[in-house]
Amino acid sequence: MGNLKLKGKDILKIGYPNNQSVNVALEVMKRNFATKNIHHVKSILKDILLNPENFEKDLTFGQIAESLLSSRKTEKRMLNTQRASFQIFGNNISEEAKNQLYTALKLPISTQGALMPDAHSGYGLPIGGVLAVENAVIPYGVGMDIGCRMSLSILDIPVSYLDGARDKYEKALAEHTKFGMYETHKSHIDHEIFERDTFDMIPVLRRLKGKAIKQMGSSGGGNHFVEFGEVEITEEEDQIGLPKGKYLGILSHSGSRGLGAEIAQYYSRVAADQCPLPKEAQQFAWLDLNTHLGIEYWTAMNLAGDYASACHDDIHRRLVKAVGGRVKARIENHHNFAWKEIHNGKEVIVHRKGATPAHENELGMIPGSMTAKGFIVRGKGNPDALNSASHGAGRAHSRGECRSLFTQNDIKKELKLKKVTLMGGNTEEAPMAYKDIHEVMNAQSELVDILGTFQPRIVRMDK
């Protein structure tokens with residue numbers, strides 16, 4: 001915590017009431033002014049005590065001001081006895097995933113929910129879970145990998161090059177993509193996102209800026225990937241602007257790296273302190289968007305989403321530079337995020353945990369597995385699904401089950417059958433770990449139209 005020798009009794013002597021505001025003031029000042037003179041710190045605290053209204057919107061001191069202005073005790077929130085309205089799409093969904101959604105629907109802030117056909121159990125909201133709430137955000141409802149996304153670049157290179165010059169494309173993936181916690185690029189371009197003052201205004205972001213710069217243009221572990229493959233446009237769409245036919249494409253799946261993970265962990269803890277809930281609902285602790293902490297998380301979440309997008313831009317830039325050609329079209333969408341949207345005539349906060357936004361005419365990319373086709377889609381704006389669709393095929397087997405069910409040999413056979421080259425990857429991400437993408441797509445015909453497909457050919461994942 002640095003050298004600041006500030007204690008609770010010092011804050012009480014300034015005149016602070018003997019309540020939560022002392023702890024808040026102590027934490028905020030030690031976090032932000034660890035190396036500052038104690039007299040300087042005390043004078044700031046005195047100013048906030050005298051006029052807390054002046055500091056309410058301040059990203060550094062707003063939390064202290066809020067605790068002074070609010071004498072409310074942190075009372076345990078109770079769940080409603082009735083669930084908010086919901087719809088489930090698809091049949092092959094575990095009871096555990098359904099029960100996670102049912103608990104979320106009993107939150108006093110919940111207005112509507114939905115489960116996508118790729119749904120399976122997760123932490124907090126199930127993966128494939130969509131939840132609308134009033135004027136609040138649930139950090140665990142957004143998830144640990146904030147702003148995780150799919151990004152597809154369609155190039156003007158003949159698709160036959162994937163066979164004719166396969167070594168070139170494998171080399172590009174080997175040399176110009178980085179995965180997991182320890183691989184990073186040696187050189188970085190200056191990106192406008194690092195110029196944003198948001199990094200300096202919120203303490204948790206200030207601490208993470210160096211890590212974000214280091215991890216720029218890299219991908220996470222687990223199910224994250226970068227791949228070259230065969231795009232087939234089957235329906236012409238003005239937004240894509242390409243005639244029907246086959247193209248070479250780059251598809252990437254990754255999120256906001258350590259930046260997003262640490263934002264999620266920090267604000268999930270903070271929300272749990274602010275919003276005690278019954279045991280079965282603890283992971284749904286929320287932050288009110290009228291409060292300083294709610295605004296702070298919302299700001300940090302949006303920055304993490306933009307950072308995730310910037311990482312994909314960098315991945316695609318490096319690969320296009322390595323293999324040549326030009327990008328003719330780009331399709332990108334994210335999940336693990338919360339949006340302000342109008343549903344049933346009023347503004348709500350829609351959390352999509354592993355679910356793709358599918359508003360009317362909105363383009364998206366839904367992948368299959370390392371060997372199965374993915375689908376380029378256009379949203380239909382189905383209100384029962386809160387304008388959402390699946391974010392992939394969804395897991396049929398947990399990671400633990402995969403380790404005991406499948407071997408590297410099983411994966412090799414499947415790869416050979418589908419003519420796919422895999423670099424990295426493990427049994428947890430075996431093609432057989434996932435549901436049948438065709439069944440998933442059939443179950444969401446009311447949610448999206450299919451415009452084309454993406455067949456993976458050369459896949460790079462974490463080792």
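E341 has V348 of β11 as its bridge partner. The structure is a predicted model. Around this pair, β10 and strand β11 (residues 346-353) are joined by 7 bridges in the antiparallel sense.

**Sheet**
- The strands form an open sheet of 5, in the order β1-β2-β3-β11-β10, and the pairing is mixed.
- β1 (85-88) and β10 (337-343) are the edge strands; each has a single partner strand, so one side of each lacks a neighbour in the sheet.
- From one strand to the next, the twist averages 20 degrees.

**Helices on the sheet**
- Helix α5 (residues 95-104) packs on the sheet and touches β1, β2 (110-120) and β3 (127-133).
- The direction of α5 makes about 170 degrees with that of β2.
- α12 lies across β10 and β11, and runs at about 110 degrees to β10.

**Helix pair α8 and α12**
- Helix α8 (residues 166-176) and helix α12 (residues 292-323) have axes that come within 10 Å and cross at roughly 140 degrees.
- Because of this angle, α8 counts as oblique to α12.
- The crossing in which α8 passes α12 is right-handed.
- On the α8 side, the contact is made by K168, Y169, A172, L173 and H176.
- On the α12 side, R318, L319, A322 and V323 take part.
- Sorted by class, the contact of α8 with α12 has 6 nonpolar, 1 polar and 2 charged residues.

Definitions and conventions. Residues are numbered from 1 along each chain as its sequence is written. This is a predicted model: local features need pLDDT of at least 70, side-chain atom pairs count only at pLDDT 80 or more; totals for chains, interfaces and linings use all residues. Side-chain values use heavy atoms; hydrogens and water are left out. Axes are lines fitted to C-alpha atoms, for helices over the stretch in contact, and angles run from 0 to 180 degrees between N-to-C directions. Helices (H or I, at least four residues) and strands (E, at least two) are DSSP runs, numbered from the N terminus. Angles under 35 degrees count as roughly parallel, over 145 as roughly antiparallel, 65 to 115 as roughly perpendicular and the rest as oblique. A crossing is left-handed if the near helix is turned anticlockwise from the far one by less than a right angle, and right-handed if clockwise. Contact means heavy atoms within 4.5 Å. Ala, Val, Leu, Ile, Met, Phe, Trp, Tyr, Cys and Pro count as nonpolar, Asp, Glu, Lys and Arg as charged, and the others, Gly among them, as polar. Two strands pair if DSSP finds at least two bridges between them.
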